[in-house]
Amino acid sequence: MQSESNQADYISLTDIAKFKDDKNPRYIIQNWMRNRNTVEFLGIRESLNNDFFNRVEFDTVRIQAGLNSFVLTPQKWIEATHAIGIISKAGRYGGTYAHKEI
């Protein structure tokens, strides 16, 4: 499988995070993504659904996950691992979206 089925299968993580912090939802998403359990779940899901998932880079991210110095943004995750389960768009109408299974 190369890509997810369609955009209707994605939900806005940005909108969900705005319930916690309306001014800085990206920090809520970044904190969620730096959790070791989150990284491992995302990696397993990508392994099952993405033929182009970069497992070598995933291992690097997984090893660092949970450390105090570890920072992971959606864009960094996508670029490093070629992930397709999370989409990050910049700009006025942008945001972070995750497949509904996530």
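Guide: In this predicted model, Arg62 and Asp59 both belong to helix 4 (residues 55-64), where they stand three residues apart, about one turn of the helix. The two form a salt bridge whose closest N and O atoms are 3.5 Å apart. Arg62 has 28% relative accessibility and therefore counts as partly exposed; Asp59, with a relative accessible area of 34%, is likewise partly exposed.

A search of the whole structure finds three salt bridges. Another of them joins Arg45 to Glu101, with the closest N and O atoms 3.1 Å apart. Because Arg45 sits in helix 3 (residues 36-49) and Glu101 in the segment after strand 3, this pair ties together parts that are 56 residues apart in sequence. Arg45 is buried, since its relative accessibility is 5%, and the cut-off for that class is under 20%.

There is also a salt bridge between the side chains of Asp9 and Lys100, at 3.4 Å from N to O. Asp9 is in the segment before strand 1 (10-12) and Lys100 in the segment after strand 3, so the pair ties together parts that are 91 residues apart in sequence. The two partners fall into separate accessibility classes: Asp9 counts as buried at 13% relative accessibility, whereas Lys100 counts as exposed at 55%.

Definitions and conventions. Residues are numbered from 1 along each chain as its sequence is written. This is a predicted model: local features need pLDDT of at least 70, side-chain atom pairs count only at pLDDT 80 or more; totals for chains, interfaces and linings use all residues. Side-chain values use heavy atoms; hydrogens and water are left out. A salt bridge is a side-chain nitrogen of Lys or Arg within 4 Å of a carboxyl oxygen of Asp or Glu. Helices (H or I, at least four residues) and strands (E, at least two) are DSSP runs, numbered from the N terminus. Buried means under 20% relative accessible area, exposed over 50%, partly exposed in between (1.4 Å probe, protein chains only).
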